[in-house]
Amino acid sequence: MLRRTFLGAAAALALMPAVATAQSATNKTFYWISHGSPTDPVWTYFLQGAEKFAADTGVKVNTSFHSNDVPSHQEAIRAAIAAGANGICTTSPGPGTLVDVVNEANRANIPVINFNTKDPAPAWRAYVGVDLKVVGRTWAQYLVDHKLVKKGDFVWMPLEVPGAGYGEEESAGADEVFKPLGITWEIQDASYDQAEAINRMTDYVTANRKKINAVIGLGDLVTGSVKRVWDQAGIAKGEIPVVGWGNSLDTTSEVSEGYVNAGMWQDPLATSYMCLSALMSEASGIPINFDIITGALYEADKAPFYAKIMGGK
């Protein structure tokens, strides 16, 4: 009897830190703020990661999308500061656009972690996401290593958001591989609307087919539109090598079918989950002074694995 009582007390003591942690977690409120659009498929996956974190931990996570509206995005961060947030995970709507509001959060001792696309200007506590220049180099090196491009070739790079900083970084990374080999390239402004992107991409490939040796899709929407564009333009799958982003079921299907050679998985769910986890560490007095880099390039053999993560078959 005494032995059983002793074990029960020990078990209760062992559980106390976990109970205390759970109770303290439920008293925390984090803000997850995105520059993206709620209609963009990849942002659905980022959001699911945030929702999963909230469900697992009991932390309240307030989420919002701002569709590349910089003033609205800045105001959302200021609202989080005014509400006494325990931490903020946010993307950057453009290089340097959040310097002032991040400084305001730091003065209020509210940790802010950047995710998705790195912006070196603000004083973040950390960054979680892909290194865009590395991504660009990886795409270019894939094309070179698999002998899909050679000296003097031309690479078409459709971009879903005209003037987007991520496209500039990705193409700059690719150029580090292409320039020494004399491979040229051009960014084409497609559109954030898929129907319009398909029309613009079809017009471009039809007008420039003879000079295009490969394609790098600078965005999930454009890479996920390749099959539709090829079908409209009368181009056979595999006729033009394609690499690019692979965070959509459209692209995993294209990779499986041979329209796209390789897609880059950004780890959107894990990125959100890890960003919020890092905030939990910061809010508990354990500083995160390092970046967490995500991303993996996959071919047809891995496409079903990533499709399953996104809810496909």
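Helix α2 gives the largest share of the lining of the second largest pocket, three residues. Helices (H or I, at least four residues) and strands (E, at least two) are DSSP runs, numbered from the N terminus. The model is predicted: local features need pLDDT of at least 70, side-chain atom pairs count only at pLDDT 80 or more, and totals for chains, interfaces and linings use all residues. Residues are numbered from 1 along each chain as its sequence is written, and side-chain values use heavy atoms, with hydrogens and water left out.

The second largest pocket has a volume of about 250 Å³. A pocket is an open set of points on a 1 Å grid over the protein atoms alone, where a 1.4 Å probe fits, with protein on both sides within 12 Å along at least five of seven lines; lining residues have an atom within 4 Å of a point. The volume is the space filled by probe spheres set on the points. Among the 14 lining residues, T39, D40, P41, Q194 and L221 are the closest to the centre of this pocket. The elements that give two or more residues to its lining are α2 (41–57), α8 and α10.

Helix α10 spans residues 249–257, and T251, T252, E254 and V255 in it are buried (under 20% relative accessible area, 1.4 Å probe, protein chains only). These four cover an arc of only 160 degrees around the axis, which puts them on the same side of α10; the arc is that of the directions from the helix axis to the C-beta atoms. Their cover includes α8 (220–223), α9 (226–233), β9 (242–245), β10 (262–265), β12 (296–298) and α12 (303–309). After α10 comes G258, with a positive phi near 100 degrees.

Three of those covering strands belong to an open sheet of six, ordered β7-β6-β8-β9-β10-β12, with mixed pairing. Two strands pair if DSSP finds at least two bridges between them. β7 (184–189) and β12 stand at the edges with a single partner strand each, so one side of each has no neighbour in the sheet. From one strand to the next, the twist averages 20 degrees. β10 and β12 run antiparallel and are joined by three bridges; M264 stands opposite L297 in β12. Helix α10 lies across β9, β10 and β12, at about 45 degrees to β12. Axes are lines fitted to C-alpha atoms, for helices over the stretch in contact, and angles run from 0 to 180 degrees between N-to-C directions.

Elsewhere, G87 is found in strand β3 (residues 87–90). G87 counts as buried because its relative accessibility is 0%. Leaving out residues up to four places away in sequence, G87 touches T29, F30, Y31, I110, P111 and L279 (heavy atoms within 4.5 Å).

How values were computed
Buried means under 20% relative accessible area, exposed over 50%, partly exposed in between (1.4 Å probe, protein chains only).
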